[in-house]
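Hi everyone, and thanks for coming. Please have a look at the structure on the screen, and then I'll walk you through some of its parts.

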Amino acid sequence: MSNIRITKQFSFETGHALYGYDGKCKNVHGHSYKLSVTVIGEPISDQGNVKYGMVIDFGDLKKIIKHEIVDVFDHATVFNKNTPHVELAKELEDRGHNVLLVNYQPTSEMMVIDFAEKIKKHLPNHIVLHSLKLQETETSFAEWYASDN
């Protein structure tokens, strides 16, 4: 049987600020992110399996990504918890805002690494995370490939 890659796309809105950055992105701002998740595996060959012919049910992949990424990051503001932004984060939380504190600078590059680790933990053993593409604007994106790591 052949290995097949399948991709599911997601979108979410997230705010962030890059502490210590020397440009406009040091200010709190947001993006309409688009995340493409590609996995690789062999289609199920057991004709008695309800998922016969699928690498993974798109609905099952969607559940993983929604739980680990979309539901967490959508309409949240992300800050590196190891910066003075924690004071701003506390103020926003006290006012009822959804704030995420992460262990990294919340760039697309670092977010895609975080996402890869979260997703890999939930995939069935016979499915491999092949790549992620996190697009923060129409012309700017970060990509993660298993083959590079």
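By salt bridge I mean a side-chain nitrogen of Lys or Arg within 4 Å of a carboxyl oxygen of Asp or Glu. Before I go on, a word on the model: it is predicted, so local features need pLDDT of at least 70 and side-chain atom pairs count only at pLDDT 80 or more, while totals for chains, interfaces and linings use all residues. Residues are numbered from 1 along each chain as its sequence is written, and side-chain values use heavy atoms, with hydrogens and water left out.

Back to our pair. Lys90 and Asp94 both sit in helix 2, 4 residues apart, about one turn of the helix. Here is the general idea: an α-helix has 3.6 residues a turn, so residues three or four places apart point the same way. Helices here are DSSP runs of H or I with at least four residues, strands are runs of E with at least two, and both are numbered from the N terminus.

How open are these two residues? Lys90 is partly exposed, with a relative accessible area of 48%, and Asp94 is exposed, at 55%. The cut-offs are under 20% relative accessible area for buried, over 50% for exposed, and partly exposed in between, using a 1.4 Å probe and protein chains only.

Now, which residues of helix 2 are buried? In this helix, residues 85-94, they are His85, Ala89 and Leu92. Seen down the helix axis, the buried residues fall within an arc of 65°, so they line one face; that arc is taken from the directions from the axis to the C-beta atoms. The face turned away from the buried side carries the exposed residues Glu87 and Asp94. On the buried side, the packing is against strand 3 and strand 4, where contact means heavy atoms within 4.5 Å. After helix 2 comes Gly96, with a positive phi near 90°.

A second example is in helix 3. Asp114 and Lys118 meet in a salt bridge at 3.1 Å, N to O, and they too are 4 residues apart, about one helical turn. Asp114 counts as buried at 15% relative accessibility, whereas Lys118 is partly exposed at 23%. Elsewhere, salt bridges that share partners join Lys51, Asp57 and Asp60 into one network. Within it, the side chains of Asp60 and Lys51 meet at 2.8 Å, N to O. By this rule, the count comes to 8 salt bridges.

Let's move to the inside. A nonpolar core is a set of buried Ala, Val, Leu, Ile, Met, Phe, Trp, Tyr and Cys residues joined through side-chain atoms within 4.5 Å. Of the 32 residues in the largest one, Leu35, Val37, Ile65, Phe115 and Leu132 touch the most other members. Helix 1 gives the largest share, 6 residues.

Last stop: strand 5 and strand 6 form a hairpin with 5 residues between them. These strands run antiparallel and are joined by 5 bridges; two strands pair if DSSP finds at least two bridges between them. Strand 6 has a covered face, Ala142 and Trp144, and an uncovered one, Phe141, Glu143 and Tyr145.
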